[in-house]
Amino acid sequence: MPNSHIQFSSVQGRKLFQESLSEGMAKAFFPLSEQFLNQSDPAYCGITTLVMVLNAIGIDPNVRWKGGWRWYGSEEMILNSCCIDAERVRRAGILLEEFQSLGRCHGLDIDMKRPHPIDCTENSCEDEDGIENEQFYSLDEFRKDVVKMVQHPPIFDDEQDFYGEEDDTNSSDGAFMVVSFSRATLGQTGDGHFSPIAAYSAETDRCLVLDVARFKYPPYWVSVKDLYESTRPRDDMTNKSRGWFLIRPLLSSEKSGSKFKGRKTVNERMRPAQIVPLLGDKKDEHGCQVGNIKIGRRTGRPMTTTDSADGAAISDERHCTMFLNL
């Protein structure tokens, strides 16, 4: 592990966590750590991170993993769906846009943010092809997102008592934060990687990364500035900087009127196992096992495989086409 990192289980790492916990800066740690996974393949970091977040929020996949359990039990729950070419993921991983699309396909509301690319300033990117209309975010904005999201994970209103009466954790803005960064920029081995952020230390300006490559690095505290800088190098596949995501359940948006803020529901809405498709069962005519029960991003209604690719069900025509294999 690079000398600039602090291992979570070290004396200093535990001290930072205790301080973070006492200051209310580690609330995202608990739901995420309950679902902490090790990626089962070197290319699966994005998929594994998405599985962690889906389970931490309590999204129902509406297919059975094994037995009667509707649960994201492995990366195969994502890879065997209609949303992405599994073989290509095994070869090359996923891009930021694909991570966002996959999350939307599985019922999440995801905001994606990018920093200024490392080779341009606020003004020098304006005339470059493909990025002149991009919105970029500063280190201060990155830090604000870290601080806010570790304090405000998605929760139910009825969990308010757990966090304290004076706390506003039940804000509809609550979300989990996932960062896509360049390992090489942090002095780590490898390059592009996805992992969630679980806590923040105000005194040291460090955040806790729950690295899903657990065979490679344990959880570690890293400088917020260093992590931000690691999102700035351009990805060779897209010629764009990497970035970060704010992820919440779709139904937590204020316009839906729902009190659902994430995590597992009190009412499990149990159904007989025989009426819930098993992972790997015969897919529908478009090749999607779960196409008729996904959530439409804009409308909040069930999205079926007969939805058109005009953006009615979700916010991006290209994403809708990829989901439904039209």
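# Briefing: strands, cores and loops

N239 sits in the loop that links β8 (234-235) and β9 (240-241). The model shown here is predicted. N239 has a positive phi of about 60°, although it is not a glycine. Its relative accessibility is 47%, so N239 counts as partly exposed. From this loop, the briefing moves to the whole protein, then to one strand, its sheet and the cores.

**The whole protein**

- The secondary structure comes to 10 helices and 12 strands.
- The protein has 326 residues, and buried residues make up 54% of them.
- Take the contacts with a separation of 6 or more: residues 24 or more positions apart account for 62% of them.

**The sheet**

- Eight strands form an open sheet with mixed pairing.
- Their order is β1-β7-β6-β5-β4-β10-β2-β3.
- The edge strands are β1 (6-7) and β3 (136-137), and each of them pairs on one side only.
- Strands of a sheet pair through backbone hydrogen bonds, either parallel or antiparallel.

- In β10, G243, F245, I247 and P249 point one way. W244, L246 and R248 point the other way. All of these residues are buried.
- Strand β2 (residues 108-115) pairs with β10 in the antiparallel sense, over six bridges. Here L108 has P249 of β10 as its bridge partner.
- Strand β4 (residues 176-182) also pairs with β10 in the antiparallel sense, over five bridges. Here M177 has L246 of β10 as its bridge partner.
- S180 stands opposite G243 in β10.

**Nonpolar cores**

- In soluble globular proteins, nonpolar side chains tend to be buried together.
- The largest nonpolar core in this model has 45 residues. Which residues have the most contacts inside it? They are L32, F99 and I247.
- Helix α3 (residues 45-57) gives the most to this core, with nine residues.
- A second, separate core has 24 residues, including M149, Y200, Y217 and Y228.
- What does L32 touch, leaving aside its neighbours within four places in sequence? L32 is in contact with M52, V53, A56, F176, P196, I197, A198 and L210.
- Helix α3 lies across β2, β4, β5 (192-201) and β10. The helix runs at about 40° to β5.

**Cysteines**

- How many disulfides does a search of the whole structure find? The search finds zero.
- C45 has 7% relative accessibility, so this residue counts as buried.
- C207 has 0% relative accessibility, so this residue counts as buried too.

- Most residues other than glycine have a negative phi, and most peptide bonds are trans.
- D205 has a positive phi of about 55°, although it is not a glycine. D205 is placed in the loop between β5 and β6 (206-209).
- Is D205 buried or exposed? Its relative accessibility is 18%, so D205 counts as buried. The cut-off for buried is under 20% relative accessible area.
- G93 lies in the loop between α5 (86-92) and α6 (96-105). With a relative accessible area of 8%, G93 is buried.
- G93 and P42 are 51 residues apart in sequence. In space they are 8.5 Å apart, C-alpha to C-alpha.
- Leaving aside its neighbours within four places in sequence, G93 is in contact with A43, R88 and E98.

Notes: Residues numbered from 1 in each chain as written. Predicted model: local features only at pLDDT ≥ 70, side-chain atom pairs only at ≥ 80, totals over all residues. Heavy atoms only, no water. Core = buried A, V, L, I, M, F, W, Y, C linked by side-chain atoms within 4.5 Å. Buried < 20%, exposed > 50% of the residue type's maximum accessible area, 1.4 Å probe, protein only. Helix = DSSP H or I, 4+ residues; strand = E, 2+ residues; numbered from the N terminus. Contact = heavy atoms within 4.5 Å. Disulfide = S-S within 2.5 Å. Pairing = 2+ DSSP bridges. Axes fitted to C-alpha atoms, helices over the stretch in contact; angles between N-to-C directions.
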